[in-house]
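Reader: I am new to this structure. Please take me through it with the definitions in hand.

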Amino acid sequence: MDRYHRDHASILQQIDTLRSLSRAGIDANAEHISQAIVETASLIKFHLAAEDQVLYPRLATSAMPEVAAISARYQSEMQGLSQAFGRFVERWRVPARLQEDPEGFRRDANTVLRALFERLCREDRELYPAAAGL
């Protein structure tokens, strides 16, 4: 479980970095924002792979039906968020696009990064304690 918590801390730090760079000016920081988006995507990709390959299968076979149900719900919910984040990365990883539409980026970032932040908080509050209890 320590690895998942470290991953969350790293992802949350990346979200904070993206917020700080955006507040300092999207146009002026387009290169750095682009780089932070790619780094965040990489962290999330490896984190999701670990959850999909290790955590969710372990929880799905739990003798406690409520833990298996939580796991199934979280895994299912993540598909939509993962797809939304993938579209966000695809659209905004190019510095020129950030510079062309800073307000569009700001809107998308507020939506997608907020959903990601909320998801990580819910996992820390509900999913991971359930997993740690096994």
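Reader: How many cavities of 30 Å³ or more are there?

Author: The count comes to 1 cavity. This is a predicted model, where local features need pLDDT of at least 70, side-chain atom pairs count only at pLDDT 80 or more, and totals for chains, interfaces and linings use all residues. Residues are numbered from 1 along each chain as its sequence is written, and side-chain values use heavy atoms, with hydrogens and water left out.

Reader: What makes a space a cavity?

Author: On a 1 Å grid over the protein atoms alone, it is a set of points where a 1.4 Å probe fits but cannot get out. The largest cavity has a volume of about 60 Å³, a volume being the space filled by probe spheres set on the points, which are joined across faces, edges and corners.

Reader: Which residues line the largest cavity?

Author: Among them are H8, I11, I44, M78, L116 and E123; lining residues have an atom within 4 Å of a point. Helices α1 (2-24), α2 (30-60) and α5 (102-132) each supply at least two.

Reader: Why are α1 and α5 called roughly antiparallel?

Author: Their angle is about 155 degrees, with the axes 11 Å apart. Angles run from 0 to 180 degrees between N-to-C directions, and those over 145 count as roughly antiparallel. α1 and α5 are therefore roughly antiparallel to each other.

Reader: Which residues make the contact?

Author: Contact means heavy atoms within 4.5 Å. The residues include H8, I11 and L12 of α1 and L116, L120 and E123 of α5.

Technical notes. On a 1 Å grid over the protein atoms alone, a cavity is a set of points where a 1.4 Å probe fits but cannot get out, and a pocket is an open set with protein on both sides within 12 Å along at least five of seven lines; lining residues have an atom within 4 Å of a point. Helices (H or I, at least four residues) and strands (E, at least two) are DSSP runs, numbered from the N terminus. Angles under 35 degrees count as roughly parallel, over 145 as roughly antiparallel, 65 to 115 as roughly perpendicular and the rest as oblique.
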